Amino acid sequence: MKIDVFKVAKLANIPLTKEETNLGKQLEETLSYIENLGEVKTENVEPTSQVTGLENVVREDKPTPSLSQKEALQNSRSTINGFFKVDAILEQ
Amino acid sequence: MNLNKLSVGKAKEGLKKRAFSSLDITKDCIEQIEKNKDKINSFVTICENQALEDAKKADRLISNDQDLPLLGIPIAIKDNFSTLEIKTTASSKILENYIPPFDSTVVRKLKDAGAIIIGKTNMDAWAHGSSTETSDFGPTRNPWNTNYLPGGSSGGSAAAVAANEAIAAIGSETAGSIRQPASWCGVVGLKPTYGRVSRYGVIAMASSLDSPGPITKTVEDSALILKVLAGKDEMDATSSPLPVGEYSKGINTDIKNLRIGISDSYFNGVEPEIAEIVKKAIKKLEKLGAKIEDIKLFDPKYAIDVYTIIQRSEVSSNLARYDGIRFGNERNLFGQEAKRRIMLGTYALSSGYYDQYYNKAQKVRTVIIEDFKKAFESVDVIIGPTSPTLALPIGSTKNKSMFGEIADMLVEPSSIAGLCGINIPVGFSKSDLPIGMQIIGPQFAEELVLRVAHTFEQETINENWRKKEPRL
């Protein structure tokens with residue numbers, strides 16, 4: 001099965017170099033390896049998304065200590081006036 | 001003084017008797033780390049100055065008769081655990097300068113228990129691997145033979161314990177990442193039940209699977225550290241509210257009439273030398289009174305498919321946060337393995353393919369869970385080899401599209417089901433590489449699994465192979 005590597009890379013927001021376009025072949029290899037999953041009968045089987053059985057885990061709606069603004073910003077390469085600076089996404 | 005060779009148990013004894021100080025132990029560990037930095041490369045960051053300061057503080061507390069579970073004991077931490085003001089990289093170039101403003105819960109608990117953080121250990125970048133060869137900072141080498149890999153992704157932690165660079169270490173397992181490097185490095189590695197130990201502050205790989213756990217020299221040490229780490233955490237909604245066991249107390253109980261399940265499917269494709277030594281170990285357990293029963297477990301080969309899809313899908317979601325805006329470098333710096341995994345996950349979750357891959361994998365996950373439930377109706381624990389192969393040579397993972405997932409076939413089923421499992425060393429190959437055996441138990445049966453492991457360890461404590469040391 002042929003994978004559109006560029007489409008997947010765009011969805012995943014991963015820049016690909018020219019050399020990396022052969023990643024498509026490796027992805028196809030992986031997909032063909034896991035093909036045999038189809039052999040397992042799963043009619044009437046419910047999917048499991050997590051194994052704890054826990055539901056609706058909530059806490060009291062009380063504010064508790066968290067990061068200061070300074071701490072939250074300290075690892076960013078680009079901040080301005082206490083904000084993270086990002087590329088423009090809207091045009092004027 | 002070679003105090004770095006001590007176990008947690010022996011170190012605590014000596015500290016209590018004032019035979020030596022925490023500073024003495026810490027200095028010996030740091031010396032061993034510096035000596036083997038280039039030979040093994042187990043650490044990304046060595047916290048020499050801080051560790052020496054913390055050791056002096058610990059010694060003051062010890063002299064005031066303070067008693068904390070890990071007071072003064074140097075522990076190595078896998079570099080995917082957030083450590084306040086200590087670089088945390090997940091061995092990735094994207095986080096190579098990231099300094100967390102908070103501690104992960106595991107690290108906070110270790111600090112509260114008086115432990116000394118000696119350094120952050122090397123791993124497969126983002127925990128994507130079973131070799132530590134895909135670290136962005138160079139591979140870690142197996143202390144038993146530095147031409148070989150230590151396994152992964154907690155390879156740095158396993159190597160640090162095997163090479164006596166730390167008294168114990170912390171790792172994390174998504175499917176094999178504690179048990180397999182423990183097997184390849186000849187040390188004890190415990191994967192607790194999913195939800196037993198908080199994931200808060202652990203750089204996420206697959207959120208429905210990640211399980212932090214201890215890597216140690218003895219089973220007794222493993223039980224001690226598990227008690228420190230386990231427990232419900234407000235910051236991790238998937239952490240279990242079940243009470244934490246008294247793990248150290250239960251391990252000395254005998255295993256008479258314990259039912260041990262062995263499945264042929266877990267010996268298929270295993271190197272004959274490994275199968276032979278593991279079967280000999282199981283016979284020893286039988287001599288001690290356990291009952292061995294043949295069971296038929298679901299073929300582990302399907303677990304490879306389930307795990308590949310679920311893990312890579314969850315990875316693609318978790319790694320979306322590395323946008324280079326709030327922290328870290330830009331996404332073009334993801335290594336090959338990370339790119340492979342993110343893209344496969346994205347594909348498996350995308351429109352038109354979700355049912356065929358992700359949904360199907362989740363259904364087979366249910367099949368695997370039910371299969372174990374059924375098995376545990378007739379046996380108490382399941383035992384088999386941890387890894388189908390011995391440690392592999394440096395270079396073995398190059399250009400393999402799914403090295404890790406195939407290598408971890410024997411540990412993936414129990415991880416998928418969220419069970420607990422421990423690797424213990426059971427001997428060496430003719431080529432002087434460690435052989436490991438895994439003991440798997442139902443969810444929250446850590447006490448049982450530790451008990452079986454401890455029984456084997458004590459029964460074989462004077463055997464010759466235990467006298468071997470890595471030639472470094």
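B:Ile383 stands opposite B:Ile439, a residue of strand 11 of chain B. Strand 11 (residues 434-441) pairs with strand 9 of chain B in the antiparallel sense over 4 bridges, where pairing requires at least two DSSP bridges between the strands. Helices (H or I, at least four residues) and strands (E, at least two) are DSSP runs, numbered from the N terminus.

The model is predicted: local features need pLDDT of at least 70, side-chain atom pairs count only at pLDDT 80 or more, and totals for chains, interfaces and linings use all residues. Residues are numbered from 1 along each chain as its sequence is written, chains are lettered from A in the order in which they are written, and side-chain values use heavy atoms, without hydrogens and water.

Strand 9 of chain B is also joined to strand 7 of chain B by 2 bridges, running parallel; B:Ile260 has B:Val381 as its bridge partner. Because 5 of the 5 residues of strand 9 (residues 381-385) are buried, this strand is largely enclosed by the rest of the structure. Buried means under 20% relative accessible area (1.4 Å probe, protein chains only).

| Item | Value |
|---|---|
| Chain A residues in contact with chain B (heavy atoms within 4.5 Å) | 47 residues |
| Chain B residues in contact with chain A | 60 residues |
| Area buried between chain A and chain B (accessible area lost on being put together, 1.4 Å probe, summed over both) | about 4,600 Å² |

A:Leu37, A:Val51 and A:Asn75 supply 15% of the area that chain A buries against chain B. B:Glu330 and A:Arg77 meet through their side chains in a salt bridge at 3.8 Å, N to O, the criterion being a Lys or Arg side-chain nitrogen within 4 Å of an Asp or Glu carboxyl oxygen.

Definitions and conventions: Buried means under 20% relative accessible area, exposed over 50%, partly exposed in between (1.4 Å probe, protein chains only). Buried area is the accessible area (1.4 Å probe) that two parts lose on being put together, summed over both.
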